[in-house]
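Here are my notes on the model, point by point. Please read them with the structure open.

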Amino acid sequence: MPLKQLVLNGFKSFADKTTINFNKGITGIVGPNGSGKSNVTEAIRWVMGENSAKALRGENMRDIIFAGSEFRGPLNKAEVCLIFDNHDRQLHLDSDKVAIMRRILRSGDSEYFINNQSVRLKDIRTLFVDSGLSQNSLAIISQGKVDQILNSQAEDRRYIFEEAAGVLHFKQQKLVALKK
Ligand code: ATP
Ligand code: MG
């Protein structure tokens, strides 16, 4: 389930629509301090459902909308779209391409889309539950995260292993079945 493309529009320092293509192999993003490298990884976390403004280095979720610069005014919305190659059908959707999109307006409202269809965050979480790319997965390791994992409680560490092993999905189904 390789990543194909990330499109940022109004997200943090990316005032203009910016497209990053992920070709076969490794994609490296390089640039001077403050050029937006971390913003790119945060955009991926955000579109996948990150809802903690603090985790995205902000006070409020609106802080992720381009706030203006010396040369241009602030924007009123931010959009991020992440496109996966789903030829292998690892994501349970009958489509070769899966596009996840999130939009936030200054009013604070967030909208989610899967292949242009309006969905709830829950639907995105369900789609990615055992993919290794859910919200707290180790697919993205940010600065300070390694220390945090090493210092975490046994329960939390178990969650990390369960997700890596791909059994969380079954655990959640079991919980639902037990509730019925
Ligand atoms: P480093 O190499 O130091 O880690 P980096 O390439 O990771 O740098 P980022 O932290 O991604 O850089 O980008 C920081 C830049 O993003 C800062 O210049 C900051 O002003 C800008 N920025 C963050 N949020 C917004 C926003 N809402 N609107 C405009 N610019 C923003
Ligand atoms: Mg950085």
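1. Directly after helix H4, Gly166 has a positive phi of about 75°. Helices (H or I, at least four residues) and strands (E, at least two) are DSSP runs, numbered from the N terminus. This is a predicted model, in which local features need pLDDT of at least 70 and side-chain atom pairs count only at pLDDT 80 or more, while totals for chains, interfaces and linings use all residues. Residues are numbered from 1 along each chain as its sequence is written, and chains are lettered from A and ligands numbered from 1 in the order in which they are written.

2. H4 itself covers residues 154-165. Its 12 residues should span 16 Å at 1.5 Å a residue, and the end C-alpha atoms are 16 Å apart, so expectation and model agree. The expected span is 1.5 Å times one less than the number of residues. The number of buried residues among the 12 is 1, so H4 lies largely in the open. Here buried is taken as 20 or more other C-beta atoms within 10 Å of the residue's own, exposed as 12 or fewer, and partly exposed as in between, with C-beta atoms placed from the backbone.

3. Strand E4 (residues 97-105) pairs with strand E3 (residues 77-85) in the antiparallel sense, over 9 bridges. Pairing requires that DSSP finds at least two bridges between two strands. Phe84 has Val98 in E4 as its bridge partner.

4. E4 also pairs in the antiparallel sense with strand E5 (residues 110-114), over 5 bridges. Met101 is opposite Phe113 in E5. E4 and E5 make a hairpin with 4 residues between them, and Gly108 in the turn has a positive phi of about 100°.

5. Which residues come nearest to ligand 1? Of the 15 around ligand 1, they are Asn33, Lys37, Ser38, Asn39 and Ala67. A residue counts as near if its C-beta atom, placed from the backbone, lies within 6 Å. The shell around ligand 1 holds 4 nonpolar, 8 polar and 3 charged residues. In this count Ala, Val, Leu, Ile, Met, Phe, Trp, Tyr, Cys and Pro are nonpolar, Asp, Glu, Lys and Arg are charged, and the others, Gly among them, are polar.

6. Overall, the chain has 5 helices and 6 strands, in the order β-β-α-β-β-β-β-α-α-α-α from the N terminus. The C-alpha trace spans about 55 × 40 × 40 Å along its principal axes. Buried residues account for 21% of the 180 residues in the chain.
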